[in-house]
Amino acid sequence: MRKLLRKLEQKTSLQADEFDQLLAYIDQLRQSTPESYTLFCQQYGGILYEQYATYLPRFPAGLDQLIEFVMRDSSARKALAALPATLGYFPPALHPYLLDRLQHDPRSLQSLDIPDVMAVDSSSSLPKPREQSVVYKFEAANSNKEAGLKAHFDRLSRFTFVSRLQSYRYLTRHKATRDRIEVVDGQCLGGIFTNKEKSIYYYIFLTEDDLDKAHLACQTLNSALYAGRKGS
């Protein structure tokens, strides 16, 4: 593993089998030694995101879960502005993330680009939380065929209104100028994921078929993933 870590530090490209070994090692750290996993994220998370479009969440719940919580609870914006006194208002899983942000960059919590549900439609809400695990479907049935795609799907699966994720074709000729998510219909969003080599189209299926809710879910995902931050 030291050899692979040195290649990461030197930003030398990993072979497919080496990347699979690294992912297995990261998953082992996450499950067995959380402290080591946190240190790994701090040291190598930025490199993996930059070089392999692979996102590593440092906390059990982070930016993505915070944005969804605020979108589901209209009072959470005021509670967010009053931290740390209102820490108990938020789910316990979010506390490590919030405390870390308060310690290292408290202003960032006040400047989060969170869509205003009232600006979309006073009756709008996110699709209901799913009752079963997210279903993954990869083109060629190979979850690690494209570097970063599985990690991207793992991140999307942390949003409770996502029911199924499916990659379906490559962008031809050249890569997309930017990754984004758009509404397809009331129960489906369409996304573009790009790594160093290519861009891939994929579908995000929602837990409900409702066009207004689909638009709000789309805004929520774009805010969390693409509003100028890598997330935590």
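These exercises with worked solutions concern the side-chain packing and pairing in the structure above.

The model is predicted: local features need pLDDT of at least 70, side-chain atom pairs count only at pLDDT 80 or more, and totals for chains, interfaces and linings use all residues. Residues are numbered from 1 along each chain as its sequence is written, and side-chain values use heavy atoms, with hydrogens and water left out.

**Exercise 1. Helix H9**

Explain why H9 is described as largely enclosed by the rest of the structure.

Step 1. List the buried residues of H9: Leu149, Ala151, His152, Phe153, Arg155, Leu156 and Ser157.

Step 2. Seven of the nine residues of H9 are therefore buried, and the rest of the structure largely encloses the helix.

**Exercise 2. Salt bridges**

Describe where the salt bridges Asp27 to Arg30, Glu146 to Lys198 and Glu208 to Lys213 are placed.

Step 1. A salt bridge is a side-chain nitrogen of Lys or Arg within 4 Å of a carboxyl oxygen of Asp or Glu. By this rule the count is 10.

Step 2. Asp27 and Arg30 are joined at 3.1 Å, N to O. Both belong to helix H2 (residues 16-32) and stand three residues apart, about one turn of the helix. An α-helix has 3.6 residues a turn, so residues three or four places apart point the same way. Asp27 is partly exposed at 32% relative accessible area, and Arg30 is partly exposed at 34%.

Step 3. Glu146 and Lys198 meet at 3.6 Å, N to O. Glu146 lies in the loop between strand E1 (135-137) and H9, and Lys198 in the loop between E4 and E5, so this pair ties together parts that are 52 residues apart in sequence. Glu146 is buried at 10%, while Lys198 is partly exposed at 30%.

Step 4. Glu208 and Lys213 meet at 3.1 Å, N to O. Glu208 is partly exposed at 22%, and Lys213 is buried at 17%.

**Exercise 3. Aromatic rings**

Classify the pairs Tyr89 with Phe90 and Tyr136 with Phe138, then find charges that sit over rings.

Step 1. Rings of Phe, Tyr and Trp (its six-membered ring) pair if their centres lie within 6.5 Å; planes under 30 degrees apart count as stacked, over 60 as edge-to-face and the rest as tilted. The whole structure has 15 such pairs.

Step 2. Tyr89 and Phe90 are 5.9 Å apart, centre to centre, with 75° between the planes, and are edge-to-face. Tyr89 is partly exposed at 37%, whereas Phe90 is buried at 2%.

Step 3. The ring centres of Tyr136 and Phe138 are 5.9 Å apart and the planes stand at 80°, so this pair is edge-to-face. Together with Phe153 and Tyr202, these two residues form one aromatic cluster.

Step 4. A charge sits over a ring if NZ of Lys or CZ of Arg is within 6 Å of the ring centre and within 35 degrees of the ring normal. The charged end of Arg155 is over the ring of Tyr55, 3.9 Å from its centre, and that of Arg164 is over the ring of Phe205, 4.0 Å from its centre.

Methods. Buried means under 20% relative accessible area, exposed over 50%, partly exposed in between (1.4 Å probe, protein chains only). Helices (H or I, at least four residues) and strands (E, at least two) are DSSP runs, numbered from the N terminus.
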